Amino acid sequence: MERIPIPIAMLPQKSSSFSQATVREEKLGRNLSLGAIKLTEHIERVKKDAEDAAAAASDKDKDKDKDKDAAAGSGEGDAADAAGDGETPAPLPHEEPSLAELSAEVDAFLASRDGDAPLSISEVTLDRFASAVEVEIAQSEGDEDKWAPGEDGEQPPLLAAIRRIATLASSLTATGGNNGTEGAVRYTIGVHRVTGVLHRAMTFVEEEFHALLEDPLVAKISHATDPGSASAKAMRRLPSFGHAAGAEQDRCVIPSSEGSGGGGSAEASQPFPAETVERLRAMVDAMVAAGYETECTEVFLVARRNALLSLGYEKASIDDVVKMAWEGLETDIGTWIKAFRHIVNVGLSAEHDLCARVFAGSNTPLGRDIFADLARCAMLQMLNFTEAVAMTKRAAEKLFKVLDMYEAIRDGAPIVDAYLSSYETPENGGDRSSSGAEALADLKSELASVRARLGESAAAIFCDLESSIRADAGKQPVPGGAVHPLTRYLMNYLKYVCEYKNTLEQVFREHHRPDSDDAPGHDSESSNPFAAQLMEVMELLHGNLEAKSRLYKDLALSSIFLMNNGRYMLQKIRGSPEINAVVGEAWARKRSTDLRQYHKNYQRETWGRVLNVLRDDGGITVKGHVQKPVLKERFKQFNAAMDEIQRTQGAWVVSDEQLQSELRVSIAAVIVPAYRSFLGRFAQHFTAGRQTEKYIKLSGEDLEGIIEELFEGNAVSMTRRRN
């Protein structure tokens with residue numbers, strides 16, 4: 001058999017040609033599977049060998065030229081005689097066949113393999129063809145158009161060469177057909193050489209495939225930008241093979257359409273130009289045809305998963321989340337929600353479209369399964385964060401963020417269901433047993449599970465309000481009978497809670513506690529466990545406030561405290577349509593009735609005693625004669641009572657202006673007319689001058705002024721006021 005010497009450096013190494021694929025984490029930082037082949041070094045080696053061979057051929061030609069000149073100078077006659085004798089001239093230097101010529105020979109060999117008279121091919125041809133493919137790959141490095149189809153639509157030469165050597169390797173190593181294992185035995189060296197080059201070619205294609213998937217605009221920008229400019233260098237991404245890559249980036253910023261102009265949003269919605277998709281599709285066809293479907297799938301999944309998750313969400317372990325302070329976790333949850341909604345509403349749709357465009361034709365089923373695996377991997381990684389949040393210690397302030405996450409997952413579930421349902425359509429084969437359908441079914445199940453855990457956490461947090469109210473049993477009354485901090489906190493909390501009314505109703509229907517139906521309230525609440533739980537909280541708050549009102553020794557101040565808190569609760573209820581719809585008008589009317597009763601209790605405790613002083617019950621006038629000592633005592637009692645009221649109730653607080661005004665008007669309507677009448681009847685019985693000033697210290701206008709200064713939170717005695 002004809003043999004040619006093969007340089008040792010060009011012999012395929014066993015570790016690269018026949019060994020199993022290895023994971024190159026330290027080189028790539030990603031899960032690939034084509035083996036640790038340094039393609040760049042190999043290409044440089046091939047180029048050097050070609051240059052050395054060319055130099056050697058050039059030196060040989062120079063030596064021949066010198067010999068010819070010497071022969072011509074010494075014996076032209078001999079040359080003429082030799083010519084006359086009919087001798088043949090010296091042979092021309094041997095020229096290596098081109099890739100096209102070798103390809104034609106390989107195509108003929110392949111076409112005859114299944115026939116009755118298969119052709120043979122020499123080991124030399126196999127070696128030359130493998131070397132020619134290597135040179136083609138080496139020359140195409142750095143060429144932006146190496147994957148672009150020809151003007152007549154033909155596949156690019158590089159792709160044709162790779163597909164041809166893949167077919168050749170498959171044919172030589174085939175175990176079936178007419179040839180059996182003859183190819184592997186007969187062409188031992190050739191098989192080794194061809195499969196080694198095929199493996200290196202697939203490594204090269206994998207690098208290009210991964211680079212384009214990571215940065216779809218690299219080719220487009222390189223054409224539109226000067227290669228030497230700073231922007232071009234910043235945008236161009238070198239292949240990951242042959243360069244040490246760090247770990248995957250955990251954080252990136254969600255792209256913003258603001259400031260990008262009119263074309264920015266269109267570019268963002270369609271990041272892969274048509275020419276890039278054509279190149280990706282060509283690479284997929286080459287890898288699948290060569291039997292590297294698994295490697296193609298893994299590269300696509302890794303690259304697009306990283307791109308899909310690079311949306312501002314920072315990955316954290318469950319332990320880190322559980323130990324995180326709430327301020328930091330709250331921010332991370334907000335970031336997670338934005339990233340999750342973007343992935344579900346935008347990212348999955350874009351990736352589905354990309355898979356359909358890249359894996360077209362006979363590769364369509366593969367593209368559908370890859371998309372399903374991609375969606376499952378990306379979403380499960382996002383859902384790990386929600387599980388960690390659900391495991392953190394429950395606290396009332398966490399409720400709203402937990403509900404936000406619940407809503408995000410709830411709203412995303414129908415989108416996943418739609419993708420899963422697409423596997424049942426006739427055009428997709430109607431097969432739910434495929435790997436893609438199973439992946440989406442797993443994702444659907446995990447979404448439902450995480451959603452249930454978040455719902456249980458939200459329901460538990462809200463139900464924990466009962467324990468918080470019962471635990472608030474402070475023995476120190478609020479100064480001035482003002483609104484209690486617990487009332488402010490709970491009513492504002494419930495106001496925001498009711499903004500999630502629909503979501504909480506859904507949560508409680510699915511996750512409410514069994515004893516929720518026993519909560520007191522209206523019959524309609526039995527079908528709305530959330531409303532029943534909220535009414536339980538309201539009733540507990542009302543009972544807690546009544547208990548706190550008994551901490552005041554002054555019954556009038558106790559009534560002011562209950563009025564302040566009851567009025568605050570009613571304002572919050574009537575100021576929020578959401579909470580008003582849950583509580584109901586009947587409950588509001590009942591609380592209004594309670595407020596009127598508190599008002600009456602206050603009037604009786606404070607001003608009832610004052611009215612008794614001003615009432616002539618037969619002790620002042622006896623048989624038509626005024627008893628001056630009794631009259632003097634009555635005026636002294638009235639003055640002392642008003643001084644006490646002004647000193648104490650001036651420090652009481654009624655923060656609601658309307659309630660404050662109502663109290664003052666109702667007091668003045670009862671006390672001022674009674675005092676004016678009392679003055680009119682008995683003032684003339686005092687001697688003008690010092691006696692009048694001693695007993696009649698207030699006019700009707702003075703009394704009105706005192707009443708107008710009540711409930712301001714400032715204690716001012718009547719004496720100081722007059723001074």
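## A salt bridge to start with

At 23% relative accessibility, Lys495 counts as partly exposed, a class that lies between buried (under 20% relative accessible area) and exposed (over 50%), using a 1.4 Å probe and protein chains only. Its salt-bridge partner is Glu499, with 4.0 Å from N to O; a salt bridge here is a side-chain nitrogen of Lys or Arg within 4 Å of a carboxyl oxygen of Asp or Glu. Glu499 is also partly exposed, at 47%.

A word on the basis of these values. This is a predicted model, so local features need pLDDT of at least 70 and side-chain atom pairs count only at pLDDT 80 or more, while totals for chains, interfaces and linings use all residues. Residues are numbered from 1 along each chain as its sequence is written, and side-chain values use heavy atoms, leaving out hydrogens and water.

## The overall picture

The protein has 30 helices and two strands, taken as DSSP runs numbered from the N terminus (helices are H or I, at least four residues; strands are E, at least two). Of its 723 residues, 44% count as buried.

In soluble globular proteins, nonpolar side chains tend to be buried together. Here the largest nonpolar core has 177 residues, and Phe209, Phe340, Leu534, Tyr602 and Phe635 have the most contacts inside it. Helix H19 (residues 435-471) gives the most to this core, with 14 residues. Such a core is a set of buried Ala, Val, Leu, Ile, Met, Phe, Trp, Tyr and Cys residues joined through side-chain atoms within 4.5 Å.

Leaving aside residues up to four places away in sequence, Phe209 touches Leu280, Met283, Val284, Met287, Cys296, Val299 and Phe300.

## Aromatic residues

Rings of Phe, Tyr and Trp (its six-membered ring) pair if their centres lie within 6.5 Å, with planes under 30 degrees apart counted as stacked, over 60 as edge-to-face and the rest as tilted. The count comes to 20 aromatic pairs. Phe686 and Tyr695 are stacked, because their ring centres are 5.3 Å apart and their planes are at 20 degrees. Phe686 is buried at 7% relative accessibility, and Tyr695 is buried at 9%.

Elsewhere, Phe400, Tyr489, Tyr493, Tyr496 and Tyr500 form one aromatic cluster.

Side chains of opposite charge can pair when their charged atoms come close. The model has 28 salt bridges. One of them joins Glu134 and Arg193 at 2.9 Å, N to O. This pair links distant parts of the chain, with Glu134 in helix H6 (residues 123-140) and Arg193 in helix H9 (residues 188-214), 59 residues apart. Glu134 is buried at 5%, as is Arg193 at 1%.

Arg664 is buried at 8%, whereas Glu712 is partly exposed at 43%.

## A loop residue worth a look

Phe711 lies in the loop between helix H29 (700-708) and helix H30 (718-722). Its phi is near 65 degrees, a positive value in a residue other than glycine. Phe711 is buried, with a relative accessible area of 1%.

Technical notes
Contact = heavy atoms within 4.5 Å.
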